[in-house]
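Trainee: Could you walk me through how to read this structure, one feature at a time?
Mentor: Gladly; have the sequence and the model open beside you.

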Amino acid sequence: MSTLTLDVHTSPLVALPESVGGWFSPTTSALLYGATEAVLVDTQYLADDVAEVARRIEASGRTLTTIFITHAHADHYFGLERLLQLFPTARAVALPSVVAEIQATNEGQRKQWRAWFEGKALDNTAVPEPLEGDTILLDGEELKVIEVGQADVAPATLVWVPSLRAVIAGDAIYNGVNPFLAASGPAEWPKWIESVDKIAALEPQIVVAGHKNPEAADDDLAATVTFTREYIGAFIEELDASSDSRDLVARMRARFPHTLNPSALVLSSVTAWKRKKTDHA
Ligand SMILES: [Zn+2]
């Protein structure tokens, strides 16, 4: 039996300003703790949610040693600067590929974030250090960091917690929320499915999705691994069969009627159809 505890915080679904339109999906961060130490995977980005994560770290009574960032998207790491102020002895790390991507895109994301969240999101210039090797120690227990390649973006990494048979999956896995397929295209989607298969091969019992319905369970593999694989496969099929982006949205809604945040599906569909038209022009 594991001596580790997993505590997942999920942010709410957030309305974006009218100039942008749509909604931003609920985002997770995962706190793992043992007898004396704690490790946080992904930081949240809205001031209120980062404060809630900090409160949970304090409430655990453990020492936060490490903050690990799964990938270079602001929703997963813009709480970093604030958390490092609150927990100055913690070290922030990510795999070298993710560190490089954060360095290359931080400035652009800061601009976009200011426009999208109008002061509700934190600004962040903190960059994690490159993790040497693939291991994070938590009270002597080894957590394994795995580079999965493609997720909703690349590079994408995850944390495997052997004693809990838990994957903290970043955006390789979605749970009850429309996956974001607008930052990748037909060349990348099969690779994303391969990433999902790599996760399945670990035979996890718990999969914490980067974006999930706050009501959804983390130990329901049909809702995480199977759902993500089927959704991407369905999107590929329906893009091919559809007559335009509206039709694609309707077809996907018919197949996944209860999936949260249809505005993410609209963005994925419009982007995919734009690309399809350009490719055939
Ligand atoms: Zn994300």
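Trainee: In which strand is Lys212 found?
Mentor: A word on the source before that. This is a predicted model, in which local features need pLDDT of at least 70 and side-chain atom pairs count only at pLDDT 80 or more, while totals for chains, interfaces and linings use all residues. Residues are numbered from 1 along each chain as its sequence is written. Helices (H or I, at least four residues) and strands (E, at least two) are DSSP runs, numbered from the N terminus. Lys212 belongs to strand β15, residues 211-212.

Trainee: Is Lys212 buried or exposed?
Mentor: A residue is buried if 20 or more other C-beta atoms lie within 10 Å of its own, exposed if 12 or fewer, and partly exposed in between, with C-beta atoms placed from the backbone. Lys212 is buried because 26 other C-beta atoms lie within 10 Å. For comparison, look at the loop between β13 (174-175) and α5, where Gly185 is found. Gly185 has 13 other C-beta atoms within 10 Å, so Gly185 is partly exposed.

Trainee: Which residues is Lys212 in contact with, leaving aside its neighbours within four places in sequence?
Mentor: Two residues are in contact if their C-beta atoms, placed from the backbone, lie within 7 Å. For Lys212 the list is Thr10, Pro26, Thr28, Tyr174, Asn175, Gly176 and Val177.

Trainee: Which residues touch the most other members of the largest nonpolar core?
Mentor: A nonpolar core is a set of buried Ala, Val, Leu, Ile, Met, Phe, Trp, Tyr and Cys residues joined through C-beta atoms within 7 Å. The largest one has 79 residues, and Phe68 and Ala169 touch the most other members. Helix α6 (residues 222-241) gives the most to this core, namely seven residues. Not counting residues up to four places away in sequence, those that Phe68 touches include Val39, Val93 and Ile136.

Trainee: What is the strand order in the open sheet of five strands?
Mentor: Strands of a sheet pair through backbone hydrogen bonds, either parallel or antiparallel. Two strands count as paired if DSSP finds at least two bridges between them. Here the order is β9-β10-β11-β12-β14, with mixed pairing. At the edges stand β9 (135-138) and β14 (206-208), each with a single partner strand, so one side of each has no neighbour in the sheet. Strands β9 and β10 (residues 141-149) run antiparallel, joined by four bridges. Ile136, which Phe68 touches, has Leu143 in β10 as its bridge partner.

Trainee: Where is the kink in helix α4 centred?
Mentor: The bend at a residue is the angle between axes fitted to the seven residues ending there and the seven starting there. In α4 (residues 96-117) the kink is about 55° and is centred on Thr105. Buried residues of this helix are Val98, Val99, Ile102 and Phe117. Their cover includes α2 (74-77), β7 (91-94), β8 (129-130) and β11. After α4 comes Glu118, with a positive phi near 45°.

Trainee: How many helices and strands does the protein have?
Mentor: There are eight helices and 15 strands. As for the fold as a whole, buried residues make up 46% of the 281 residues. Among contacts with a separation of 6 or more, 71% join residues 24 or more positions apart. Finally, the C-alpha atoms fill a box of roughly 55 × 40 × 30 Å along the principal axes.
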